[in-house]
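Okay, thanks for having me. Let me put the structure up and then talk you through it.

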Amino acid sequence: GKEKRGANHARSVLDRKRTAQGSGLSWAEWIPECKQAVIRIQRGKLWQNMGVFIQGKGLCCDIEETCYMAERCNLLVTLGKKVLSVRDLYTLMEMENIHWGIYCPFVHMK
């Protein structure tokens, strides 16, 4: 079912070799209190359909959007001085009770 598809998706993403281009890479800072990533450097056209603008913070993305962009090597996410891996972001997503049955349709729609 959905959980098996989610596990297969996670495995395929984690097994994929990643090559991010520095000039096309965006950067976000994960803010645990808000449960959102604040986009600090925004590059590319995909951001036109992502996130929500919050006065005083800028463009903010929820965990689904953050994982989606990180999976595609378009987003580097930090928490303090640590760079978060896609696996770290999946863990955050699970902590927010966003399971694969929710995330996979989101990815498919994007």
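**Around L89**

Let's start with L89: leaving aside residues up to four places away in sequence, L89 touches I63, T66, C67, A70, V77 and L84. Keep in mind that this is a predicted model.

As a general point, nonpolar side chains in soluble globular proteins tend to be buried together.

Now the overall layout. You've got four helices and six strands, and from the N terminus the order goes α-β-β-β-β-α-β-β-α-α. The protein has 110 residues, and 40% of them count as buried. If you take contacts with a separation of 6 or more, 52% are between residues 24 or more positions apart. The accessible surface is about 6800 Å², with 53% of that belonging to carbon and sulfur atoms.

One more residue, T78, which is in strand β5. Is T78 buried or exposed? With a relative accessible area of 9%, T78 falls under the 20% cut-off, so T78 counts as buried. And what does its side chain make a polar contact with? That partner is the side chain of W27, at 3.0 Å. Again skipping residues up to four places away in sequence, T78 touches W27, A28, E29, W30, V83 and L84.

Definitions and conventions:
Residues are numbered from 1 along each chain as its sequence is written. This is a predicted model: local features need pLDDT of at least 70, side-chain atom pairs count only at pLDDT 80 or more; totals for chains, interfaces and linings use all residues. Side-chain values use heavy atoms; hydrogens and water are left out. Helices (H or I, at least four residues) and strands (E, at least two) are DSSP runs, numbered from the N terminus. Buried means under 20% relative accessible area, exposed over 50%, partly exposed in between (1.4 Å probe, protein chains only). Contact means heavy atoms within 4.5 Å. Accessible areas come from the Shrake-Rupley method with a 1.4 Å probe; for residues, only the protein chains shown count as cover. A polar contact is a pair of N or O atoms within 3.5 Å; within protein, one must be able to donate a hydrogen and the other to accept it, and residues adjacent in sequence count only if both atoms are side-chain atoms.
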